[in-house]
Amino acid sequence: MQIRAASKDELPLLCALERAAGAPFAAIGMPEIAEDEPPTPDELAHFLDAGTALVALAAPDGPVVGYLLAEPVDGALHIEQVSVHPDRARRGIGRALIEHLAAGTDAPALTLTTFADVPWNAPYYARLSFRPLADRELTPGLREIRRREAEHGLDRWPRLCMRRELDGRPHA
């Protein structure tokens, strides 16, 4: 597996991968998530400009099997999306993307928002040293992200913000 910065030509591939990665949500009673349209390539382009769009390739010249998008939010690096093709799930690709991001930033922490009760969401991130944030710990930027998520209908299911402090070492 190889992880590197995404290219503009790969943005349509990320959209297709996101559709595939969303499909398992239907099996756990969240068909709206499975059917949600991914962002367009134009909407994803700002992550390229910020240098925070990563792709995982099956091999150096292989297909894109996962990706991560992040952006600075209130001094931390906020993971907007981590997606792995379901055919490649449970092989450490998501973890490798997160560790690559962590190793390449001087931000003091990574943050994300996620579904609390989906096994491959909050419980997974907890295993990667993310901790749930109490409401009083939410920064203005995280509050705004949560507001937009609620506006999009994601609050039908329990959601939470999580944070991982970075001390310069990868977490196993």
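How many helices and strands does the secondary structure of the chain come to? In this predicted model, where residues are numbered from 1 along each chain as its sequence is written, local features need pLDDT of at least 70, side-chain atom pairs count only at pLDDT 80 or more, and totals for chains, interfaces and linings use all residues. Side-chain values use heavy atoms, leaving out hydrogens and water.

The answer is 6 helices and 7 strands, taken as DSSP runs numbered from the N terminus (helices: H or I, at least four residues; strands: E, at least two). Along the sequence they follow the pattern β-α-α-α-β-β-β-α-β-α-β-α-β. The chain is as compact as a globular protein of its length, because its radius of gyration is 15 Å, close to the 16 Å that the globule rule gives for 172 residues; the radius is taken over C-alpha atoms, and the rule is 2.2 Å times the number of residues to the power 0.38.

Turning to the interior, 45% of the 172 residues count as buried, meaning under 20% relative accessible area with a 1.4 Å probe and protein chains only. The largest nonpolar core has 26 residues; such a core is a set of buried Ala, Val, Leu, Ile, Met, Phe, Trp, Tyr and Cys residues joined through side-chain atoms within 4.5 Å. Helix α4 gives the most to this core, with 6 residues. Ile 79 is one of the residues with the most contacts inside the core, where contact means heavy atoms within 4.5 Å. Not counting residues up to four places away in sequence, Ile 79 touches residues including Leu 68, Ile 98, Leu 110 and Phe 130. A second, separate core of 15 residues includes Ala 6, Ala 21, Ala 45 and Tyr 67.

Methods
Buried means under 20% relative accessible area, exposed over 50%, partly exposed in between (1.4 Å probe, protein chains only).
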